Amino acid sequence: EGGVRILSTPGLLGEGRRVDAEAVESLLAVVRSMTKAVVVDFSKGWGLVQERVTAMADEVIVVARPDLASLRNSRMIVDDVAGRRLDARRPRLVLNGAGATPAASIPFDPEPLLAAIIDGRPIVQSGGKAMKAMLAFAETVLADEATPGAKRRHGVAKTRQGGLKSGLARLIPQKQKA
C-alpha cells in the first residue's frame, strides 16, 4: 500500500511529553520493517532521542533557516552526527527560506590554509579547495570593478594589473615572519 502515514507531535508546544529513547527506537524498528522510507521530524532541542534516532538513520538531513543562531546550531548538529556516524554518509544541510543564492560557497579544507600559515606563506599560495573557491569569488569581485563606469569599492584591489592573487593578498592579513 503506497501512501504517507504521519505520527504527529502534539499540536501545541506546551503539550510535549517526555519520550523514552528506547520506546522511540523500538517504534522506528517496527515502522522500518513495514515501509521503504521513514522521515522523522524533530522539534527544537537535542537530546538522547535525537542522538539515537540519527544513529539508526540511513541518512540525516538537517534543515535550517539562514539566520546566525540556526546556522550555528545546525553546524553543531551536523558535526555531532557526523562524529557519531563515522562509517555512514555525512549529514546534509538544507537551507529553508534562504531567498537568495550565495555569492560563494567555501568548502571546509583547513589543511592547506593551516600549512601556509605555519610556514609563514601568504594563504593565497596555499592551494586546496577552499583557496580555489575564494580565488574564484575574488575574480567575480575584481571583474565587477573592471566594468566601465563602475564605482570603486574600498578594500578591493585598485586595479587588475597586479593580478588576482596580489589583489586578494591585500585583502587577507598575512602572518609576519619573525
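Arg-121 is partly exposed, with a relative accessible area of 28%. A word on that term: buried means under 20% relative accessible area, exposed means over 50%, and partly exposed lies in between, using a 1.4 Å probe and protein chains only. The partner of Arg-121 is Asp-119, and the two form a salt bridge with their closest N and O atoms 3.7 Å apart. Asp-119 is partly exposed as well, at 46% relative accessibility.

Before I go on, the ground rules. This is a predicted model, where local features need pLDDT of at least 70 and side-chain atom pairs count only at pLDDT 80 or more, while totals for chains, interfaces and linings use all residues. Residues are numbered from 1 along each chain as its sequence is written, and side-chain values use heavy atoms, with hydrogens and water left out.

So what counts as a salt bridge here? A side-chain nitrogen of Lys or Arg must lie within 4 Å of a carboxyl oxygen of Asp or Glu. The general idea is simple: side chains of opposite charge can pair when their charged atoms come close. How many salt bridges does a search of the whole structure find? Nine.

Take Arg-84 and Glu-51. Their side chains meet in a salt bridge at 3.2 Å, N to O. Arg-84 sits in helix 3 (residues 68-84) and Glu-51 in helix 2 (residues 48-56), so this pair ties together parts 33 residues apart in sequence. Helices, by the way, are DSSP runs of H or I with at least four residues, strands are runs of E with at least two, and both are numbered from the N terminus. Arg-84 is partly exposed at 45%. Glu-51 is partly exposed too, at 23%. There is also a network: salt bridges that share partners join Glu-51, Asp-80 and Arg-84.

Next, Asp-79 and Arg-90. Their salt bridge has its closest N and O atoms 3.4 Å apart. Asp-79 lies in helix 3 and Arg-90 in the loop between helix 3 and strand 2 (92-95), so the pair ties together parts 11 residues apart in sequence. Asp-79 has a relative accessible area of 35%. For Arg-90, the value is 47%.

Now the strands. Strand 1 (residues 61-64) and strand 2 pair in the parallel sense over four bridges; pairing requires that DSSP finds at least two bridges between two strands. Ala-64 has Leu-95 in strand 2 as its bridge partner.

Last point. Strand 1, helix 3 and strand 2 make a right-handed β-α-β unit. Right-handed means that, with the strands pointing away from the viewer, the path from the first strand over the helix to the second runs clockwise.
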